[in-house]
Amino acid sequence: MVVGSAGSFPGPDSAASCYLVQAEGPDGAGGTRTWNVLLDLGNGALGPLQRHLAPADLDAVAISHLHADHVADVVVLGVMLRYDPRGARPTPLPLHGPEGVRERLAQLSGHDPATSTADHLALGTWRAGEPVTVGPLTIEPVPVEHPVPAFGFRVTGPSETDPARTVTLAYTGDTDDCPGLDALAADADLLLAEAAYLETTPDAPRGVHLTARRAAQAAQRNGSRRLLLTHLVAWNDPAESLAEAAAAYDGPLDLARPGTVVAL
């Protein structure tokens, strides 16, 4: 589910980056339950997340990189888990991010011990080639190209329509074209690809973001079976992003809008 897809900062109609992945799997006690993983929790995303899920029911949070539009609301999630009586958890919530995630969260909280996430989050650091398992889901971090250390994710798990089949969701986080992008997109059932730039964006630097065309080209050449464009910045015309991608990709294509649900 798309919780927020705005790029760089929240827009009038969307929070910043946040995507909820859910899968049915064994609960460890002989039954089954729904497992819930967040991919990023950017500024403004904790609010709309609560329309769909009690944050205390999360099983893990995967942070792609430490820019505020991907991590800022982790701090207020820590506040919720600490003070909201509905947020009580028997164990800290696992959260994985790039090197420096602990320091970044302390900085965002103003180093306020009263809002420290340390007691409520079990922090881990991504290592390339070292996947993390959460219930029936496996999250593989893939380094990508961005001005700060950044990862995309390949998330594999059981199909909702056929639990005997394994499906893959790929999420680019923020990246330009790079080998990691190809590794993410290869044979993905769904590619969530950032498209912050357009080919017509004046003086757009390389090594920061994809254009809608480059995102679509990655999906096309790597056999991604469905493409959603994410990280949509407020100053671009979404219709232009969609048209630019459609010229380079011949599979199912759409914009990632808040509330969008894709069953794989």
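**Entry 1: S5**

I started with S5, and I found it buried, with a relative accessible area of 4%. The model is a predicted one, and I keep that in mind throughout. I then looked up where S5 sits: in the loop between strand 1 (2-4) and strand 2 (18-26). What does the side chain of S5 reach? I found the backbone oxygen of A256, at 2.6 Å. I also listed the contacts of S5, leaving out residues up to four places away in sequence. Among them are S14, A15, A16 and Y19, and also T230, H231, L232, A256, R257 and P258.

I looked at one pair in detail. Strand 2 and strand 3 run antiparallel and share eight bridges. E24 stands opposite T34, which is in strand 3. I reminded myself of the general rule: strands of a sheet pair through backbone hydrogen bonds, either parallel or antiparallel.

**Entry 2: helix 4**

I moved on to helix 4 (101-108). Which residues of helix 4 are buried? I wrote down V101, R104 and L105. Seen down the helix axis, these buried residues fall within an arc of 95 degrees, so they line one face of helix 4.

What covers the buried residues of helix 4? I found that the cover includes helix 2 (68-71), helix 3 (73-83), strand 5 (93-97) and strand 6. After helix 4 comes G110, whose phi is positive, near 70 degrees.

I also checked H120. It is in the loop between helix 4 and strand 6 (121-125). Is H120 buried or exposed? H120 is buried because its relative accessible area is 16%, and the cut-off for buried is under 20%. Leaving out residues up to four places away in sequence, H120 touches G78, L81, R82, P92 and L93.

Seven strands form it, open, in the order 7-8-9-10-11-12-13, with mixed pairing. Strand 7 (132-134) and strand 13 (253-255) are the edge strands, each pairing on one side only. From one strand to the next, the twist averages 20 degrees.

I checked two helices against this sheet. Helix 6 (residues 212-221) packs on the sheet and touches strand 11 (190-194) and strand 12 (227-230). Its direction makes about 150 degrees with that of strand 12. Helix 7 (residues 238-246) lies across strand 12 and strand 13. I read about 160 degrees between helix 7 and strand 13.

I began the pairs with strand 7 and strand 8. They are antiparallel, over three bridges. V134 stands opposite L137, which is in strand 8. Their hairpin has two residues between the strands, and G135 there takes a positive phi near 55 degrees.

How many bridges join strand 8 and strand 9? I found six, again in the antiparallel sense. T138 faces T156 across this pair, and P141 stands opposite F153.

I stayed on strand 9 and picked V155. V155 is buried, with a relative accessible area of 4%. Leaving aside neighbours within four places in sequence, I found V155 in contact with V21, L39, L137, T138, I139, V167, T168 and L169. For a distance, I took V155 and R102: they are 53 residues apart in sequence and 24 Å apart, C-alpha to C-alpha.

Last, I looked up the largest nonpolar core. It has 26 residues, and L39, F153 and L169 have the most contacts inside it. Which strands each supply at least two residues of this core? I noted strand 2, strand 3 (32-39), strand 4 (60-62), strand 7, strand 8, strand 9, strand 10 (166-171) and strand 11.

Methods
Residues numbered from 1 in each chain as written. Predicted model: local features only at pLDDT ≥ 70, side-chain atom pairs only at ≥ 80, totals over all residues. Heavy atoms only, no water. Pairing = 2+ DSSP bridges. Helix = DSSP H or I, 4+ residues; strand = E, 2+ residues; numbered from the N terminus. Axes fitted to C-alpha atoms, helices over the stretch in contact; angles between N-to-C directions. Contact = heavy atoms within 4.5 Å. Buried < 20%, exposed > 50% of the residue type's maximum accessible area, 1.4 Å probe, protein only. Polar contact = N/O pair within 3.5 Å; in protein donor to acceptor, adjacent residues only side chain to side chain. Core = buried A, V, L, I, M, F, W, Y, C linked by side-chain atoms within 4.5 Å. Arc of directions from axis to C-beta.
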